[in-house]
Every structure is written in structure tokens, then in C-alpha cells.
Amino acid sequence: MEGVALDVVGLSVPGRLFDVSLQVRAGTVHAVVGPNGAGKSTLLGCLAGTTAHDGAVRWNVRGRLSLVPQRLAVPSWPLVVAEFLALHVGARPLTVGPGHGAEAQARHALSLVGASELADRPLRTLSTGQLQRVLLAQALVPAPAAVLLDEPEAGLDQESLTWLDGQLQALRRRGATVVWVTHDAARARTFADQTTALLGGRRA
Amino acid sequence: MPEALTFPFVQRALLAAALAAPLLGLLSPVVVARKLAFFSAVIGQAALTGVALGVLLGEPVDAPYASVIGFSLLFGLGLVWLRRRTQLTSDTLVGVALAFSLGLGVCLLVAVTKRFNVHQVEAALFGSVLTVTPLDLALLGAVLILTAALLLPQLNALLLDTVDPGLAHVAQLRRARNEYLFITVLTLAIVVSVKVMGALMVEALLVVPAATAQQVTKSFRGWQWLSVAVALVASVGGVLVSTWVSVPSGAAIVLVLSGLFAVSVALRRR
């Protein structure tokens, strides 16, 4: 399947998703749209491998698959942003500090999302918009071959939404394959190369 | 030097406290982050059941390690296995396990006290560092080294899994293996610390240091090191107190820990 980064065939999750098939071309932004309860996040869970399912999910990408979850249960315990990002880049144990290489990667990731000033902030003190930037930063470094975005626009103000649109375009420019779950069909039409609509767990 | 510190059994007691503190203090933030306080308490109680089992099976009453380690590991790993295969929440399952462990433990302890002096069992219940043997010290040292060797390389993976299991899964981390590994290390740490803390209070040294350090730190690194420092101050301080005043070492350590926790809360308010 030349040029196909993701091939999904007959995906089913009892009560939530019914015989969904789709293909995503490499290096494109593929939006999955639908109202609440349509099965979008369930579909994304299947693609990420976190939700048990029937049917086939075949990734054909070389490199890292990264995920931007819809929300993070922000830890109430001490963890600064740079440490959180270091968890993703094969750093030394946090007990001894992540090391210069991992720290540089963490700061680079934050610079990509325009949030360098957040490096030393505890995760639990971030606003929704700041947290969204940090979640995107962890998905960008190391550079991903494919990114799964689960309603990244949730809770963002207009300024942050404009920033998010820019990030989607930047991902496409870098050649990453993006599967973007969103309830905003108008935004999807503007920024996605392909769109799959779901309704009641089935393709609409 | 105070005369008491010249006695070999006091020196062994202080060494035991100085080994148990970094061991439990290092694990403490991970225990708190992964919400394993209740679990740790139950493993402590399982160790007590293991002591009774070992004595009944003919092991030495002051070092029934084969039974304690075997029973506690079976108990801890069995709990993780059950939680991963049932829909029950962790605290429900741990509650069930606690009931079982207590029931079994009480039956075995009653049988043990028919054959031995009840004061010999008290050492396992409340801690008795003044009866620490070279074997106890060797085991504490070995588990400390084992913990550093096994836990530290997997620490970041464990933490990512704790923050968000989905992110850990996508990162292709071996989540199940890491969890079993951590529970193994945690169980061993609890078991070898029972002599210092006592089965009923060993959980305190796994929870209070992190709870204390959490009040005044922002980073995980700072949290973990301060937690070790708190555990060290409380352990050595508690042993000294129990040497001078005739109280069980576990209780003395818990009281010092509680004082440090109160200070940290007061500092945070400022």
C-alpha cells in the first residue's frame, strides 16, 4: 500500500464502534469528526493501542508514534515541565536529573510550541492552554512519524486555537502523518486533507 | 560520644536505620505518586503473617526470612495480578487482601504464641532495632543495592505510566513488567525493614517522607532527595530516641516523622 500510513479495516468495539474502515495517506492531516458520543476517542484509543478492539489497525510508518491526549490527569505531586518532557526522551532517571542532552531536547520541544518559559514550572500550576502546549511539546520531540491528536482544541481560547492551527500546518510541513480527532467540523474542513465523519459509532 | 553509642547492638541499630531510610525514602515518592500507601500497609501486615508462618514451619523466630519473603512476594505480586485481571478498583482489592491477611495472620499468631513468648512476636509487630543481626544488615544492604540497580533504570517509565498510562503505552514502554518489578522491589524493601519499623508501622516510612517533602518541593528530583533526607533524619533520630527511652523503634521513628511532617505543613503555609 504505497503512500498509506494507516490502514484500518472493520474496526469494532462492542457498544461503541461498529465496522469502521479508513485509510490515512502518509504526510497528511486526517480529521475524524463527529458529535459527542460518536466514537471518535474510542477510535483514537484503538489507533493508539490502548483500547481493545476487533478488526485490524495497520501502521505503515517508520519512527515514533506520539499521542496528544484530550486531557491529562495532572499529577498533584511535584513534577516540573522539563522533567515531564524528559520522561519521553530516554533521559537518565529523574533521581539524578535528566542530563544535558535530555534537558536540551525538552527545552527544544518547548520552543517549538512557544512555551520556553514553562520549563521550570510545576505541571500542576499550568493553565489549560499552557498544559495543551506542553502536551503537544511531548509529542513533537523526538520528531514523530505520526501523531494522534485527541480534541486538542478543547478548552482553548481563540488565541490558542489560532496557535493550534499553526501547529497542525507545521506538522504537515515536517512530513508527519496526523490523525486529528475533533468535534469542530468547520475547522477540520479548513485544515485537514481528509475527513472521516462518525455518528453513533459508525461512519456517517 | 554517649556511652550508649559504644555498644555494638546500638551501632547495628543505627546502621540498620541508616540503610532502611534511603531504601524506603527513595521508594516513598513513587509509592505516593502511584497511590500505593494502602497497598504498602497491607504488605507490612502480610510480612507479619509471613513471620508467623515461618516460625510455625521451624525457621528461627528472629529471622524467618524465607517464609516472610516468599509469602509477602506471593501476596504482593498476586494482588497486582488480580487487579490487572478484574474490574475491581485497587483499594477494594487491597481491602479484601487485608481482611484475608489479617484473618490468616491472627490464626497463625495465636498458634505461634502457644509455642513462643509473645514478646518475641512484638518485635515483628512494632520493630526492634536493638535485636538487629548481621544477617538483617546484609539483607538491608542487598535490597538497597538491588533497588538502585532495578528501579532507577525503570524510574522514568514508571513515572510516565503513573502520569498517563496512554502516553506510556504509545511510547511502547513495558508497563506490566515495570509494575511487577516495582512491586517486587517494594515488597522486598518492606520485608527487610520490618525489623526496624515493625510490620504495623513500616508503611509510615513509605508515605510520610514523601508527604513531608511534597510540601516544600517543586521538582520530582528535589522531592525524592528530600524524602530520603526526611527518612534518614527520622530513622536515625527515632532509633536514638528508642535507645534512650525504652520505646519500640518503629513507634519512635513514626513520632519523629510526624513532627517533621507538621513542620513541613507549617513551612508551606508561609
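The model is predicted. In chain B, helix α3(B) packs against helix α4(B) with their axes 10 Å apart, while helices α9(B) and α10(B) have axes that come within 8 Å. In chain A, a cis peptide bond joins V141(A) and P142(A), and positive phi values are found at D19(A) and at E151(A).

**Packing of α3(B) with α4(B)**

- Two packed helices are described by the angle between their axes and the distance between the axes.
- Helix α3 of chain B, residues 65-85, and helix α4 of chain B, residues 90-115, pack at an angle of about 150°. Because angles over 145 degrees count as such, α3(B) is roughly antiparallel to α4(B), and the crossing of this pair is right-handed.
- On the α3(B) side, F71(B), F75(B), L79(B), L82(B) and R83(B) take part in the contact, and they meet S90(B), L93(B), V94(B), A97(B), F100(B), S101(B) and L104(B) of α4(B). The residues of this contact divide into nine nonpolar, two polar and one charged.
- Helix α4(B) itself has 26 residues and spans 37 Å from its first C-alpha to its last, which is close to the 38 Å expected at 1.5 Å a residue.
- The buried residues of α4(B) include L93(B), V94(B), A97(B) and S101(B), and these four are also among the residues that meet α3(B). Further along α4(B), G105(B), L108(B), L109(B) and V112(B) are buried as well.

**Packing of α9(B) with α10(B)**

- Helix α9 of chain B, residues 204-214, and helix α10 of chain B, residues 220-244, cross at roughly 125°. That angle makes α9(B) oblique to α10(B), and α9(B) passes α10(B) in a right-handed crossing.
- From α9(B), the residues L205(B), P209(B), A210(B), T212(B), A213(B) and Q214(B) meet W223(B), L226(B), S227(B), V230(B), A231(B) and S235(B) of α10(B). In this contact, eight residues are nonpolar, four are polar and none is charged.

**Backbone features in chain A**

- Most residues other than glycine have a negative phi, and most peptide bonds are trans.
- The cis bond between V141(A) and P142(A) has an omega of about -5°, and P142(A) is found in the loop between α4 (128-140) and β6 (144-150) of chain A.
- D19(A), which is not a glycine, has a positive phi near 50°, and its place is in strand β2, residues 17-25, of chain A. D19(A) counts as exposed because its relative accessibility is 57%.
- E151(A), also not a glycine, has a positive phi of about 45°, and E151(A) lies in the loop between β6 and α5 (158-173) of chain A. With a relative accessibility of 8%, E151(A) counts as buried.

- L73(B) lies in helix α3 of chain B. Leaving aside residues up to four places away in sequence, L73(B) touches G78(B), T184(B), T187(B) and L188(B).
- L130(B) is placed in the loop between α5 (118-126) and α6 (134-163) of chain B, and at 34% relative accessibility L130(B) counts as partly exposed.
- Leaving aside residues up to four places away in sequence, L130(B) touches F9(B), A13(B) and T243(B). The C-alpha atoms of L130(B) and P248(B) are separated by 9.3 Å, although the two residues are 118 residues apart along the chain.

Note on methods: Residues numbered from 1 in each chain as written. Chains lettered and ligands numbered in written order. Predicted model: local features only at pLDDT ≥ 70, side-chain atom pairs only at ≥ 80, totals over all residues. Heavy atoms only, no water. Axes fitted to C-alpha atoms, helices over the stretch in contact; angles between N-to-C directions. Helix = DSSP H or I, 4+ residues; strand = E, 2+ residues; numbered from the N terminus. Parallel < 35°, antiparallel > 145°, perpendicular 65-115°, else oblique. Left-handed = near helix turned anticlockwise from the far one by under 90°. Contact = heavy atoms within 4.5 Å. Nonpolar A, V, L, I, M, F, W, Y, C, P; charged D, E, K, R; others polar. Expected span 1.5 Å × (residues − 1). Buried < 20%, exposed > 50% of the residue type's maximum accessible area, 1.4 Å probe, protein only.
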